[in-house]
Amino acid sequence: MTTAKSQQELEQAISHVDHTLSTFVKIVESNPQQPSYIHQFSDGLNKIKRELNRLSGESESLKGVLEYTHVLAQQNNFDWPAIKEQKPVARQDTSEATFITSVLQQWLASEKLKSIPVQHRLVQPEQKITNGSVCSLELTVRNILTATIDFEHHEPSDSLIIHRYDIKHPKEQKPYWQDSSYNVFQKIHTVASRALDDLTRFAAREALVNVLDWLTSYHQLYQEPCARCQKRLQFDSPQFKYLPPVVRTWDQTIGTAYHLKCFQE
């Protein structure tokens, strides 16, 4: 059962969002020319959007609890002597969080992965929280790409929330806030911002499977030609030079390869 927050707690949470936005604006103003500017901008907006959606849901829950409490107070059918004598009993939630882990295991056992070498590691095992569960997953696809994603399963809305993601070469040992040393993974990271946002609009189970399918569709990153121009390399820009198809579609069909320019045409 969801624990409703008090009005003061909600105001503090909203204040936290305002603080996050102010901090984000300072980052934008102080780093207009940094390579990570676009990533910070996108990640910051997504974080604020998720926080506002969560607060909106909690405020609706609080409203319902207050209305129900008001009805009970008007009825005044309480055994006050018994209530005063009753001692509080500590309650512990002993249930295990298994949704993300179980969906992951089913996906790993599927037929489609028999020809794609995939390694996974739970950086943070799944843990139960008030409204669902959270975990951090590291997924390596054919020693070509490693993605680290912080997932949250929000049970009341049956939705999947991605709090943070990072996509780099498997041999890179960098924290998530630093860009990859390789142009190709910097581009994929940018593409992922839009792709992951769209993929998580489905119900939680479908969203998680789609995200995992989309990431593994990069298993032929350097071999698969662009579906539009049929070339493997294309000049992207003076900064990024020549790149393979860094886009894998995620809308109607997951995994079709495109150069970014071909995809946008």
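**A helix, a hairpin and a surface patch**

Helix α4 spans residues 99-108, and its buried residues are F99, I100, V103, L104 and W107. Seen down the axis of α4, these residues fall within an arc of 125 degrees, so they line one face of the helix. The arc is that of the directions from the helix axis to the C-beta atoms. Buried means under 20% relative accessible area, exposed means over 50%, and partly exposed lies in between (1.4 Å probe, protein chains only). Helices (H or I, at least four residues) and strands (E, at least two) are DSSP runs, numbered from the N terminus.

The model is predicted: local features need pLDDT of at least 70, side-chain atom pairs count only at pLDDT 80 or more, and totals for chains, interfaces and linings use all residues. Residues are numbered from 1 along each chain as its sequence is written, and side-chain values use heavy atoms, with hydrogens and water left out.

What do the buried residues of α4 pack against? They pack against β1 (118-129), β2 (132-141), β3 (145-154) and α6 (204-216). Contact here means heavy atoms within 4.5 Å.

Two of these strands, β1 and β2, run antiparallel and are joined by 9 bridges. Two strands pair if DSSP finds at least two bridges between them. A hairpin of 2 residues connects β1 to β2.

H120 lies in strand β1 and stands opposite L139 in β2. With a relative accessible area of 34%, H120 is partly exposed. Leaving aside neighbours within four places in sequence, H120 is in contact with L104, Q105, L108, L137, E138 and L139. One of these, L104, is 16 residues from H120 in sequence, and the two are 9.5 Å apart in space, C-alpha to C-alpha. L104 is also one of the buried residues of α4.

Another part of the chain holds strand β5 (residues 234-237), where F235 is placed. F235 is partly exposed, with a relative accessible area of 36%. Together with L233 and Y242, F235 forms a nonpolar patch on the surface, with about 340 Å² of accessible area in total. Accessible areas come from the Shrake-Rupley method with a 1.4 Å probe, and for residues only the protein chains shown count as cover.

For the chain as a whole, there are 7 helices and 8 strands. Of its 265 residues, 38% count as buried. The chain exposes about 16500 Å², and carbon and sulfur atoms supply 52% of this area. Among contacts between residues at least 6 apart in sequence, 53% join residues at least 24 apart.

Key:
Patch = residues over 30% accessible without salt bridge, like charges linked within 9 Å, V, L, I, M, F, W, Y side chains within 5 Å. Salt bridge = Lys/Arg side-chain N within 4 Å of Asp/Glu carboxyl O.
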